[in-house]
Amino acid sequence: MRRDLRGALLLLLTAAVQSSSMSAPGKPVLLSCRSPEKETFTCWWEPGSDGGLPTTHHLYYERERLEGTYECPDYLSAGRNSCFFDKNHTSIWVDYYLTVMASNALGNATSDPFKMDVMEIVKPDAPENVTLRVEEREASPCLHVRWMPPSNTDTKSGWVTIKYELRVKKDNSNNWKEYTSGTQTHFSLYSVSPGGVYTVQVRCLLDHGEWSEWSNTTFVKISNYLQNERPLSMLISILSAILFIMAGLILIAKRKSVKQWVLPPVPGPKIRGINSQLLQSGGSDDVGNVLIIKQSFPPIYFVWEDQMEDYLIVTENEDWLSSNSQKRKKSLIPACFHFDSEIHSKESPCHKNDWEKDEEISQVDNNNKPFTNTGYVDFQRHVENVDVKHVDYSRVKEVKSDNILFLEKEKVQSSGYIHFQRQEGIPEDYSRVKEVESDNLVVLQKQNAADLSCKDEGNHYTDCALHKPRKPHVCTELSDSGYVDTIPAPPLM
Amino acid sequence: MPGTIRSVSLVWVVLLVCLSSRRTSVGAAPICTNGQVGCHVLSLDNLFDRVIQHSARMHGISSDLHSEFEQYFLPSKNQIGRVGRICHTSTIITPNGKENAQRMAREQLTEVILKLLIAWRDPLWHFHQSMAHHHDFNNFSSNKALEMNDMVHELRQGVEKVAEKMQVLGIISNSVTSLASPEVLLPSDSADWRLMKDYDLLYCFRRDSNKVQNYLKILKCRIVPDHGC
């Protein structure tokens, strides 16, 4: 019984105690302080438990360079559990030490001290009055954004410098695109496309402080006016397509004249001695020979054996002699010089009187080479225009002593004689045939004394040519244009 | 007839000369008077902009360094009472708010700025030296310390130039004594900065650089208010 009573009493007491748990208040916590314009600031705290009793909070502060402890000047302006320091009570660049004390009937509780400097807690309000304006241009629309700085900041005196940032998003996506605006209170966006809803927000920063909150969202819809323009652009494209087609048709119709105008015919080359008519008519063998000789390829020897030989006749026309000998001589000199300097191991063509082997023919071809610098030797055979007297030649088989030549008997023509150049001032290198004995022996006239020296050294006249110092060989004739024509040689004897 | 033409042309020439001279004479007394080559005249607002930008950058660097120090050393932020630092520049009387700064005379404000800059010349140099010898810090930090040191030097020269220009233009009187002998400005009873620790030095400098920046801005908008205030 007593036990029950005691238990019940205990229960009652505990219940009573619990229901009215009066105690000293819990420790409050100072949360943060903030200055929106670097001239005033506000601090907030969080109260602890109140201990069941009405609790009051007081904020006390101490300041660097200021003696004493002071209490918060304004508990009301900034709301509950806050303290507002107005301009008179705000000093920048000095440390504040803040403490909050919660007190009730049973006791006090003091928060930890909170040290701050106004310089460090600057965070402005968001920019105000954000307006959007759409400018519709032909190519693409653009969006002009305008806003006002937060009303409590003083920008006129230069005390603070405000910098802005804005962000844009299209429709309902979560991707914001950010732009910095510097100190301007306006911004233009050009990357907007019609037919969308754009949302814009702006925030600002004071000097080196914190960024403000983003402003309220402002949005605008850009109308889709591109459809109106489509017919016009289509019309333009159709017209231009028609024009192009017409131009193309005209060009096709007149393609021949266009081709004439664009690519005028180019005159083809004319090779002297080759008659294009002949080529076309197809006298292939003769023409082939002609072509072969003209090239600088090594000669096709077998061709020669089948045919009658054509020899290089290099002579001087008597008609030409009379006209301008001086000039001719000058023009003749370089060709001959050329030969002598290059072909010293072989016979110079200047006094070609030794037709021994095919080697000579190759010589002819080789000789053609230097010739080509100054002119070329033209072979003409069976050409209607030029009256070439057919001349028969014999091959020299052997030279005996200094004035006897043996000719080959296989010659087609029976009459064997050797052709020499005959002109007025016959150079010393040529020999006159004195006498022809039988059909393969030729006796040459002996040279005069001046040439004996060269004769002694050898039988071949090439040696003479070698030792003779640069005497001009009047052996080739060069017309003024540099071409050498074969001239029908007058038969000797 | 030729006489009238001549007189008319003369009048035109005179007019043109007058107009051009009037335009150039507004607000720009030449700094380089010796006709040096490549020396172009800067207007006062231009000079102000430059020194303000310079001071902003200087403050930015000091803030960065200060936060880096906090990471390394984590000093107890909430020291009770006024155990905290005493900066060696505390003896220099500086306006502690906007109104006070605006109320201060231009010459005084200019002098305050110069005093602050001069007072930090030596401490920053030693700070940089001690940073260079500390192997705890990376090169980035020690480069910043060197940059800070250079900037104080340059900024002081810039502000002196501005003051000179203002005096030439007659905006302020010639009572700015700092230009004459800088060392006179340091009060004899200032706390010895050598006793301060590096972290405290940084803290004080961060504060003083912010002061310099703000004072310069106030001064600029008072003297040349039209340009970007």
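## The disulfide of chain B

Both B:Cys87 and B:Cys204 are buried, where buried means under 20% relative accessible area, exposed over 50% and partly exposed in between (1.4 Å probe, protein chains only). These two cysteines form a disulfide with their sulfur atoms 1.8 Å apart; the term stands for a pair of cysteine sulfur atoms within 2.5 Å. The torsion about the S-S bond of B:Cys87 and B:Cys204 is about -90°, so this disulfide is left-handed. B:Cys87 lies in the loop between α2 (44–73) and α3 (98–103) of chain B, and B:Cys204 in helix α7 (residues 198–223) of chain B, so the pair ties together parts that are 117 residues apart in sequence. Helices (H or I, at least four residues) and strands (E, at least two) are DSSP runs, numbered from the N terminus.

A word on the ground rules: this is a predicted model, in which local features need pLDDT of at least 70 and side-chain atom pairs count only at pLDDT 80 or more, while totals for chains, interfaces and linings use all residues. Residues are numbered from 1 along each chain as its sequence is written, chains are lettered from A and ligands numbered from 1 in the order in which they are written, and side-chain values use heavy atoms, with hydrogens and water left out.

## The disulfides of chain A

How many disulfides does a search of the whole structure find? Over all chains there are 3. One of them joins A:Cys33 to A:Cys43, with an S to S distance of 1.8 Å. Here the torsion about the S-S bond is about 105°, so the disulfide of A:Cys33 and A:Cys43 is right-handed. The pair links distant parts of the chain, with A:Cys33 in strand β1 (residues 29–34) of chain A and A:Cys43 in strand β2 (residues 41–46) of chain A, 10 residues apart. A:Cys33 counts as buried at 9% relative accessibility, and A:Cys43 does at 0%.

A disulfide also joins A:Cys72 to A:Cys83, S to S 1.7 Å. With 115° about the S-S bond, the link of A:Cys72 and A:Cys83 is right-handed. It connects distant parts of the chain: A:Cys72 sits in the loop between β4 (66–71) and β5 (82–85) of chain A, and A:Cys83 in strand β5 of chain A, 11 residues apart. A:Cys72 and A:Cys83 are both buried.

## Around A:Thr40

A:Thr40 belongs to the loop between β1 and β2 of chain A. Is A:Thr40 buried or exposed? With a relative accessible area of 8%, A:Thr40 is buried. Leaving aside neighbours within four places in sequence, A:Thr40 is in contact (heavy atoms within 4.5 Å) with residues including A:Arg34, A:Phe84, A:Asp86 and A:Thr90.

A:Leu143 stands opposite A:Leu189 in β13(A). A:Cys142 counts as buried at 1% relative accessibility.

Technical notes:
Pairing = 2+ DSSP bridges.
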